[in-house]
Protein chains: 2
Amino acid sequence: MSNAQLQSVLDHIDKDFDNSLERLFSLLRIKSISADPAFAEDCKAAAEHLAKDIASLGVATEVRPTAGHPAVVGKAKAGGRPHVLFYGHYDVQPVDPLDLWHRPPFEPVVTDHADGRKIIVARGAEDDKGQVMTFVEACRAWKKVTGSLPVDVTFLIEGEEEVGSKNFVPFIEANKDEFKADYVLVCDTGMWDRNTPAITTSLRGLLYEEVKITAANRDLHSGVFGGSAMNPIRVLTKILGSLFDDDNRITIPGFYDGVKDLPPDILAQWKNLNLTPEMFLKPIGLSIPAGEKGRLLIEQASSRPTCDVNGIWGGYIGEGSKTVIPSHASAKVSFRLVEGQDPAKIRKAFRDYVSARIPGDCKVEFGDHSAAPAVALDWNMKPLAAAKKALTEEWGKETVLMGSGASIPIVADFKRTLGLDSLLVGFGLDDDNIHSPNEKYDLRSFQKGIRSWARILAALAEVK
Amino acid sequence: MSNAQLQSVLDHIDKDFDNSLERLFSLLRIKSISADPAFAEDCKAAAEHLAKDIASLGVATEVRPTAGHPAVVGKAKAGGRPHVLFYGHYDVQPVDPLDLWHRPPFEPVVTDHADGRKIIVARGAEDDKGQVMTFVEACRAWKKVTGSLPVDVTFLIEGEEEVGSKNFVPFIEANKDEFKADYVLVCDTGMWDRNTPAITTSLRGLLYEEVKITAANRDLHSGVFGGSAMNPIRVLTKILGSLFDDDNRITIPGFYDGVKDLPPDILAQWKNLNLTPEMFLKPIGLSIPAGEKGRLLIEQASSRPTCDVNGIWGGYIGEGSKTVIPSHASAKVSFRLVEGQDPAKIRKAFRDYVSARIPGDCKVEFGDHSAAPAVALDWNMKPLAAAKKALTEEWGKETVLMGSGASIPIVADFKRTLGLDSLLVGFGLDDDNIHSPNEKYDLRSFQKGIRSWARILAALAEVK
């Protein structure tokens with residue numbers, strides 16, 4: 001690849017950007033909510049749409065069935081050169097509470113952010129449709145301008161990332177040989193800030209549990225039974241309310257076993273990044289770091305394990321009042337895990353902790369949604385340096401190597417099933433509202449994201 | 001009234017019972033859920049239906065507007081004899097969770113209980129439509145057989161009891177003169193057990209609060225913000241989970257101020273009733289009294305103050321998983337109060353307790369649903385002895401004078417606004433599932449309830 005070729009590709013990207021946007025919008029209009037069975041057909045439609053879009057690059061692409069939502073697989077192989085496996089997902093999070101969206105979540109628009117930035121607003125605008133399309137559009141530009149891609153690419157886009165990839169991982173395992181490559185490119189992470197590109201080199205794991213506590217065999221009147229019959233919400237709140245001590249440490253015995261402090265050099269680098277509550281919490285209306293006392297905010301947010309109750313419900317939650325003692329109460333509880341923590345052990349410790357606190361005449365049931373260990377990537381893998389340089393060139397600012405507080409469980413699965421390391425590059429921002437109402441993706445993230453991948457593909461072609 | 005007259009009335013009640021049942025069913029078919037604005041028209045329809053039914057006794061009856069659901073007022077006054085104000089309510093509790101009902105809640109049937117009893121199943125079968133109709137049908141029988149009622153009766157049936165009578169109390173206050181009477185008859189309470197009639201002589205009060213805790217200004221992704229941003233469910237569960245100490249006493253400072261122990265003679269009587277967990281809790285699937293250690297189960301259930309979380313919600317509560325940190329979390333929290341507790345003081349103590357535990361960057365909002373003090377009735381009021389004797393004659397078992405754990409706030413309002421004492425007689429049973437799915441009323445409660453009122457009306461005519 002010559003520099004002139006790359007420049008032509010970048011120019012084409014800018015020239016064709018309105019069409020790139022329209023292609024992204026077509027994908028955003030499909031309601032591919034993987035968590036809700038009511039949207040299964042929409043998930044299929046999204047897979048088919050995306051397969052057609054990738055096929056339009058001249059790449060042999062199929063919608064492939066799994067035991068759940070289908071995957072999209074495309075292969076552009078010439079041989080004799082680096083071969084990357086590109087991973088992303090077309091499924092999105094549920095949209096509730098719908099009434100907090102300023103516009104319908106599946107009718108994408110480009111609009112103005114309060115601070116003047118142009119933003120794309122829609123469910124999936126960032127996570128992960130927008131990010132996936134940065135890569136697809138970069139490939140399209142290379143193909144259009146030069147007739148081929150700089151490296152061999154296998155596209156692998158799944159439809160169950162937001163629900164734990166339960167059927168996707170067996171699909172990879174069953175088709176290992178197909179997905180051999182040199183390494184994986186994942187586009188599902190963020191930048192350090194609006195102007196500073198980043199490569200994510202560690203990811204927290206995720207253990208996601210559901211707890212249901214049952215007391216009486218039916219709902220009760222609190223006048224008749226209040227005071228004498230156990231209320232399952234009382235049991236549940238007592239247990240969940242005891243999960244943190246006064247130093248904001250999690251009280252489950254053994255929870256911190258195996259958790260290591262950051263190496264001093266990394267800690268020093270992170271200290272230099274000087275992440276303040278003013279920068280990180282003020283935009284969301286908060287000011288007091290809620291994590292372990294004595295830890296940097298950036299540690300709390302990315303290198304320390306956490307616990308969050310993601311949902312809780314029980315009894316009467318409608319308008320007005322009802323003097324009921326419900327029969328049962330439930331919660332969804334998740335833990336972000338770090339290197340050294342075994343999800344299975346944490347699950348057992350959590351369940352033991354809860355079970356030990358259930359009164360003798362009540363019962364508890366557990367459900368599991370996902371269990372993925374943390375991932376620490378190889379900071380010395382060769383493509384990393386190449387990608388870092390390419391990103392720095394595009395953004396005009398040194399690329400940060402950072403830890404992410406989020407989990408991309410598939411990264412561990414790629415290592416385990418295919419033996420492949422992953423390179424995590426993405427263009428999300430902290431204020432993108434992913435998983436929330438009014439999800440957005442900066443128009444600049446989308447455009448420079450495409451340009452970034454165009455540069456990275458060129459750079460990776462040179463890595464032997 | 002001669003004994004022969006009473007006997008004719010009782011015979012007529014038995015002979016006409018199928019028609020009484022059909023008249024109750026007509027009322028049960030109306031979806032008069034007062035808590036949900038969607039059912040406002042149904043509430044109006046129930047008022048109109050009931051007014052027509054009472055008018056059919058030859059009683060001048062009107063549907064009277066209030067600022068909320070209307071009231072039904074009927075007047076049967078001859079003068080020169082005792083005058084009772086009969087109170088009940090036509091509104092019912094919401095029916096959710098609907099999927100736990102074995103049949104549609106507004107399609108009443110007579111069916112067999114597992115133990116062979118005949119039962120009427122429908123929302124409101126007991127609370128309070130079935131109970132109201134025991135009195136109406138007793139009046140109908142007297143009117144049919146003798147041409148008149150034994151005493152003057154003002155009927156006053158409201159439509160907002162289940163939502164705190166907020167508009168009904170001002171309605172009484174605005175029309176005080178109309179509702180002058182010697183005392184009130186209330187049919188909204190229960191029997192001691194299936195064979196033992198009871199008059200309720202004390203009622204717990206009710207303070208019902210709503211709490212909403214807000215942390216971030218929007219829902220957050222727990223990967224990005226987990227560990228650093230406060231989760232409002234964490235705040236809420238920590239506060240609610242701390243409301244009870246290890247002896248099951250409520251921890252809010254001042255909560256027990258003014259609460260007195262039972263007089264030794266009443267305590268002795270209650271001890272004799274020997275209410276066991278086997279009798280009271282086993283039918284609902286529980287075995288361990290959840291109230292204050294060192295108190296009798298019957299004290300826990302009726303003479304001690306309590307706290308229950310009646311509803312809690314926050315975050316993602318749909319199927320599957322969502323890694324969200326919600327912006328806010330809410331709970332409905334109620335307190336059953338006893339003599340000596342001031343609802344306003346308890347409200348302030350509760351709100352202070354919660355507010356003191358809100359992190360500096362979060363906020364709390366409170367809503368109030370109802371605040372009614374406990375009521376201790378006059379054990380020496382004259383009609384009480386007459387009604388007690390009449391009940392004992394009907395049921396062939398000595399009538400118990402008991403405390404109720406439930407609240408009928410209107411009883412305090414009658415005392416305050418009209419200066420009237422109330423006599424509380426009812427035929428509900430602990431297993432009636434009021435406020436729960438599959439509410440029922442024993443067919444025997446309905447039939448012998450009508451007969452009981454027929455006897456009580458005759459007995460009250462003799463009380464000077």
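Q: Over how many bridges do β4(B) and strand β5 (residues 118-121) of chain B pair in this predicted model?
A: These two strands of chain B run in the antiparallel sense. Pairing takes at least two DSSP bridges, and strands are DSSP runs of E, at least two residues, just as helices are runs of H or I, at least four, numbered from the N terminus. For β4(B) and β5(B), the count is four bridges.

A: A quick note on the ground rules: residues count from 1 along each chain, chains are lettered from A and ligands numbered from 1, both in written order. Local features need pLDDT of at least 70 and side-chain atom pairs 80 or more, while totals for chains, interfaces and linings use all residues; side-chain values use heavy atoms, without hydrogens and water.

Q: Which residue is the bridge partner of V109(B) in β5(B)?
A: V109(B) has its partner in β5(B), a strand that spans residues 118-121. That partner is V121(B).

Q: Which strands sit at the edges of the open sheet?
A: The sheet has three strands of chain B, ordered β4-β5-β18, with antiparallel pairing. An edge strand pairs on one side only. That describes β4 (109-112) and β18 (440-442) of chain B.

Q: Which helix packs on the sheet and touches β4, β5 and β18 of chain B?
A: Touching is a matter of contact, with heavy atoms within 4.5 Å. The helix in question points at about 55° to β18(B). It covers residues 443-461 and is α14(B).

Q: How does α1(B) run relative to α14(B)?
A: The axes of α1 (residues 3-15) and α14 of chain B come within 10 Å and cross at roughly 160°. Axes are lines fitted to C-alpha atoms, for helices over the stretch in contact, with angles from 0 to 180 degrees between N-to-C directions. Angles over 145 degrees count as roughly antiparallel, so α1(B) is, relative to α14(B), roughly antiparallel.

Q: Which residues of α14(B) does α1(B) meet?
A: On the α1(B) side, the residues are L6(B), V9(B), L10(B), I13(B) and D14(B). Facing them in α14(B) are Q447(B), I450(B), R451(B), A454(B), R455(B) and A458(B).

Notes. Angles under 35 degrees count as roughly parallel, over 145 as roughly antiparallel, 65 to 115 as roughly perpendicular and the rest as oblique.
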